[in-house]
Amino acid sequence: MREKAIYDVGEMPPLGHVPKAMHAIVIRKDREGEPQTAMQHEQMPVPAIGPNEVLVYVMGAGVNFNGVWAARGKPVSIMKSTGDDFHIAGSDASGIVWKVGSNVKRWKVGDEVVVHCNQSCGQCPECNGLDPMACAEQKIWGYETNWGSFAQFTKVQAQQLLPKPRHLSWMDAASYGLTYFTAYRMLVDQAEMKAGDNVLVWGASGGLGIFAVQLCKVMGANAIAVVSSPAKAELAKSLGAKWTINRKDYDFARRENETPEQTKHRLAETRRLGKAIREMTGGKDVDIVFEHVGRETFPTSVLLAKRFGKIVICGATSGYHLDFDVRHLWMRQKQILGSHFANAYEATRANQLIIEGKVVPYLDATYAFDDTPRAHQDMAENKHMGKMAIAVGAAAELHAEEPEEAAGYEESMQENVPAF
Ligand SMILES: NC(=O)c1ccc[n+]([C@@H]2O[C@H](COP(=O)([O-])OP(=O)(O)OC[C@H]3O[C@@H](n4cnc5c(N)ncnc54)[C@H](OP(=O)(O)O)[C@@H]3O)[C@@H](O)[C@H]2O)c1
């Protein structure tokens with residue numbers, strides 16, 4: 001094929017040929033706002049790589065809530081910290097190694113990979129003894145850095161690469177890294193989940209939740225899946241949840257400027273929920289609460305955790321200023337654990353469970369490259385279940401945009417996951 005300065009989306013250049021320019025979905029400072037308008041298709045230069053970096057030809061790009069935050073420029077505008085006037089978001093990718101830096105020995109041009117999204121300096125004591133997540137320069141690629149995955153090429157640190165599970169399509173492979181590896185660290189390393197634990201999982205059919213539920217199943221814990229519709233409950237069940245709760249049946253959400261009567265009502269509703277959980281579990285309270293909703297659910301999470309129980313939290317979709325009655329925490333000696341993404345070791349161990357078919361991605365919808373803004377808008381409006389991915393190089397793989405039937409998914413789970 002003739003070498004060109006730029007290729008159409010889905011048109012693969014000759015292996016290893018780096019064109020001058022690429023198609024990208026770009027956020028600009030002057031149009032920050034809802035994803036539908038903030039994200040626009042532009043042509044950008046292909047980024048140069050450093051000695052420890054790799055240029056990846058993006059086949060599929062996963063959609064995450066951080067793309068919504070990046071588009072809105074809230075709670076912080078990413079361009080303020082990068083100092084650039086553009087932002088290419090995207091913290092999940094599957095793709096092909098296209099060019100490697102001079103120090104890169106573990107990967108070669110042509111390798112098929114998925115990308116984990118933690119970047120760190122690699123040189124400090126924290127990176128070399130404690131945990132790269134503790135590095136002062138730790139950043140989430142594609143959120144706190146430019147050159148994320150919503151483009152034909154992305155620039156990553158070599159340590160971010162993991163082998164692509166061979167049995168997965170490019171789109172499935174693009175969909176799971178950020179949320180799955182985050183859920184893995186939260187439950188396995190931070191909360192130290194054990195067989196037999198009862199784990200309350202908020203948003204159990206969402207990006208984090210679908211993996212939290214599966215990890216509970218794999219590790220012999222019991223997921224109590226909280227969702228907001230019967231279809232979502234069905235999905236959570238098919239992924240291995242032991243019990244499901246429709247949050248719409250309770251009125252426990254923490255609201256702004258509550259009156260004393262409203263607070264009393266909320267606490268009564270939380271206790272009613274606790275009673276329902278104990279009826280499910282045979283009288284047991286929850287050992288671990290898997291939190292990422294934040295303001296609206298956090299007081300409930302603190303109250304529902306058992307004595308000495310743990311609340312592990314990585315996000316705050318409904319607001320990040322949390323308030324709760326701290327007596328519910330100290331009197332029963334509960335622990336709140338902050339958690340953020342995962343390190344390369346955790347990502348590798350979690351990826352192995354995908355390679356072995358013990359944990360599977362659930363791709364709800366696939367979108368064409370130019371529909372990247374719409375995909376984020378759908379996520380912002382909570383219209384999805386599971387994960388969504390964008391076809392970049394894998395445009396040919398783009399099949400139906402219709403959500404898969406949960407029942408069909410269950411069948412494929414049975415084929416892939418003999419241990420379940
Ligand atoms: N720090 C990290 O490393 C990290 C990593 C991944 C994600 N996050 C953050 O975690 C959050 C969730 O991410 P995600 O990918 O799982 O998002 P998601 O796919 O949108 O799923 C979130 C789920 O939360 C539930 N939910 C939304 N609003 C709620 C409310 N007011 N009360 C109760 N449940 C509510 C929804 O399920 P139902 O409507 O069915 O209840 C939804 O499916 C985001 O804020 C994201 O930025 C942080």
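Student: Where is the place of Ile 277?
Tutor: Ile 277 sits in helix H9, residues 260-281. Helices (H or I, at least four residues) and strands (E, at least two) are DSSP runs, numbered from the N terminus. This is a predicted model, where local features need pLDDT of at least 70, side-chain atom pairs count only at pLDDT 80 or more, and totals for chains, interfaces and linings use all residues. Residues are numbered from 1 along each chain as its sequence is written.

Student: Is Ile 277 buried or exposed?
Tutor: Ile 277 is buried, because 20 other C-beta atoms lie within 10 Å. The cut-offs: a residue is buried if 20 or more other C-beta atoms lie within 10 Å of its own, exposed if 12 or fewer, and partly exposed in between, with C-beta atoms placed from the backbone.

Student: And what is Ile 277 in contact with, leaving aside neighbours within four places in sequence?
Tutor: Ile 224, Val 286 and Leu 304. Two residues are in contact if their C-beta atoms, placed from the backbone, lie within 7 Å. Thr 145, on the other hand, is 42 Å from Ile 277, C-alpha to C-alpha, and 132 residues apart in sequence.

Student: OK, sheets next. What is the order of the open sheet of 6 strands?
Tutor: The order is E13-E12-E11-E14-E15-E16, with parallel pairing. Two strands pair if DSSP finds at least two bridges between them.

Student: Which strands stand at the edges?
Tutor: Strand E13 (243-246) and strand E16 (335-338). Each has a single partner strand, so one side of each is left without a neighbour in the sheet.

Student: How many bridges are there between E14 and E15?
Tutor: There are 5, joining E14 (residues 286-291) and E15 (residues 305-313) in the parallel sense. As an example, Ile 288 has Lys 310 in E15 as its bridge partner.

Student: What about E9, how many of its residues are buried?
Tutor: 5 of its 5 residues, 153-157, are buried. Phe 153, Lys 155 and Gln 157 point one way, while Thr 154 and Val 156 point the other way. In a regular strand the side chains alternate between the two faces of the sheet.

Student: Which strand do 5 bridges join to E9?
Tutor: Strand E3 (residues 53-62), and the two run antiparallel. Val 54 has Val 156 in E9 as its bridge partner.

Student: Switching to the ligand: which residues are closest?
Tutor: Gly 203, Gly 206, Gly 207, Ser 228 and Gly 315 are the closest of the 29 residues that surround the ligand. A residue is near a molecule or strand if its C-beta atom, placed from the backbone, lies within 6 Å of it.

Student: How do the residues of the shell divide?
Tutor: They are 9 nonpolar, 17 polar and 3 charged. Ala, Val, Leu, Ile, Met, Phe, Trp, Tyr, Cys and Pro count as nonpolar, Asp, Glu, Lys and Arg as charged, and the others, Gly among them, as polar.

Student: Where does the largest share of the shell come from?
Tutor: From H6, with 3 residues. H2 and H6 (177-190) each supply at least two.

Student: How many residues of H2 are buried?
Tutor: 7 of its 8 residues, including Phe 65 and Trp 69. Gly 73 follows H2, with a positive phi near 70 degrees. The peptide bond from Lys 74 to Pro 75 is cis, with omega near 0 degrees. Pro 75 is in the loop between H2 and helix H3 (78-82).

Student: What is phi of Glu 192?
Tutor: Near 50 degrees, a positive value in a residue other than glycine. Glu 192 is in the loop between H6 and strand E11 (198-201). Glu 192 counts as exposed because 12 C-beta neighbours lie inside 10 Å.

Student: Last topic, the chain itself. How many helices and strands are there?
Tutor: The chain has 14 helices and 18 strands. Buried residues make up 50% of the 420 residues.
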